[in-house]
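Hello,

Here is the structure I said I would pass on. My notes on it follow below.

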Amino acid sequence: MMMISSRPRPASLFIATLAAALLAACSTPGTRVVLLPQADGKPSAVVVRAKDGEEVLSKPYQRATAAVGASGAPAVDQVDPAKVQAENKPLFDMRPPPPQRYTVYFDIGGTTLTPASQQIMTEALAAALARSGGDIVVTGHTDTKGSGEQNDQLSRRRAQEVVQLFVERQFPANRIEAVGRGERDLAIPTADEVDEPRNRRVTIEVR
Amino acid sequence: MMKKLVTALSGLAIVGSAALAQAQTPSTAPVAVPAASPAPAPAPAPAPALAPAAPAKADPQAGFVKSVRGNVQLLNGTGATRPASPGDALGTVDRIVTGPDSSASVVLRDDTTLVVGPSSRLDLKEFHFDGTTYEGGMLVSLLRGSMRMITGLIGKTNPDAVRVETQTATIGIRGTDFIVQADGKP
């Protein structure tokens, strides 16, 4: 029952280096915020506001400290990644594994999954059952034929059909959600009113 | 509170649109005149005949507990306590309390990941998310202890709608992975 999922991921290493800085801050009562690097290496930032001012953290391992009773903006310094990680080990160890994503397609004009897609359903189900506290988001998509509103409904119906398949295979119904994204996430970008089978799909996120 | 406001607003909106629909009814015929004429009047958008009053979906959960180590309790809005286990649903207003040497992780519906460190109290004060539009918002309050947040879809769509607060600071995000530590009364 007390399952802990830990997954090796490239980002973990990077982040591990960061952990040391947080501990040092513990002597000051208040709030400390440390920005961690993005897994994909893209820039990111947090804005930390204290009573009388704010600071932006935009470099990994920058730390803002808003001490109790202090005036002015939070104090910013750079922390030692290794220390941050050592000090906050559970925050790194307990991060759930990244979601797994699958895509299934329907037979033309029908509500039956293609044979290949049925195999994918089996894989997705196994993955969801293997995860600690696994849940599934099933998202329907359409091509650009028809109105946006109709496509929202159509995509939601397709998603619900796939949800039903998971539920029939004993996945807990309260841990699976059907969503219709309509034509908002085209796999193959097209103009409006274009019939494109590769856009008529259902994506499954197992997390 | 925000939620009440939203509820109240949507209530108003429903009332408003009903009123609008009524107001329009008599004028329907005159409005539907020559398509060519550059409708000078405040031509009201044709109210969909059967505007279904916002299908009041049952409030879905905010997310699910993914992993638990040690002693972790969940408290809902009424103060009822339950021990947390992987797979448990987290309500849109819920508190996570971890004991010493205990920790937990949660993934919210928009893929936001929260990891709560030992001896911590974290309140999810507000959470709403529309899976179709990816619009939403959340308010997380770290009363004491530590947390890590890896923001999800709301952070991409409405970064300003992701708010994290402690007793001495508030944090705004811009597509982010970060840690917060807060000292406070247990």
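**The second largest pocket**

Sorted by class, the residues lining the second largest pocket are 15 nonpolar, 11 polar and 18 charged. Here Ala, Val, Leu, Ile, Met, Phe, Trp, Tyr, Cys and Pro count as nonpolar, Asp, Glu, Lys and Arg as charged, and the others, Gly among them, as polar.

This is a predicted model, in which local features need pLDDT of at least 70 and side-chain atom pairs count only at pLDDT 80 or more, while totals for chains, interfaces and linings use all residues. Residues are numbered from 1 along each chain as its sequence is written, chains are lettered from A and ligands numbered from 1 in the order in which they are written, and side-chain values use heavy atoms, with hydrogens and water left out.

The pocket holds about 1,000 Å³ of space. A pocket is an open set of points on a 1 Å grid over the protein atoms alone, where a 1.4 Å probe fits, with protein on both sides within 12 Å along at least five of seven lines; lining residues have an atom within 4 Å of a point. Grid points are joined across faces, edges and corners, and the volume is the space filled by probe spheres set on the points.

There are 44 lining residues, and those closest to the centre are Arg101(A), Asp111(B), Thr151(B), Gly152(B) and Lys156(B). At least two lining residues come from each of β7 (136-140), β8 (176-180) and β9 (201-206) of chain A and α3 (153-157) of chain B. β9(A) contributes the most, 4 residues. Helices (H or I, at least four residues) and strands (E, at least two) are DSSP runs, numbered from the N terminus.

**Asp110(B)**

Asp110(B) sits in the loop between β6 (103-108) and β7 (113-116) of chain B. Its relative accessibility is 0%, so Asp110(B) counts as buried (under 20% relative accessible area, 1.4 Å probe, protein chains only). Leaving aside residues up to four places away in sequence, Asp110(B) touches Arg207(A), Phe127(B), Phe129(B), Met138(B), Gly152(B), Leu153(B), Ile154(B) and Gly155(B), a contact being heavy atoms within 4.5 Å.

**Chains and confidence**

Chain A has 6 helices and 9 strands, and 45% of its 207 residues count as buried.

Chain B has a mean pLDDT (the predictor's confidence in each residue, from 0 to 100) of 78, with 67% of its residues at 70 or more. Over residues 1-56 of chain B the pLDDT is below 50. Where pLDDT is low, the predicted coordinates should not be read in detail. For the complex, the predictor gives an ipTM of 0.84 and a pTM of 0.77.

Regards

How values were computed
Buried means under 20% relative accessible area, exposed over 50%, partly exposed in between (1.4 Å probe, protein chains only).
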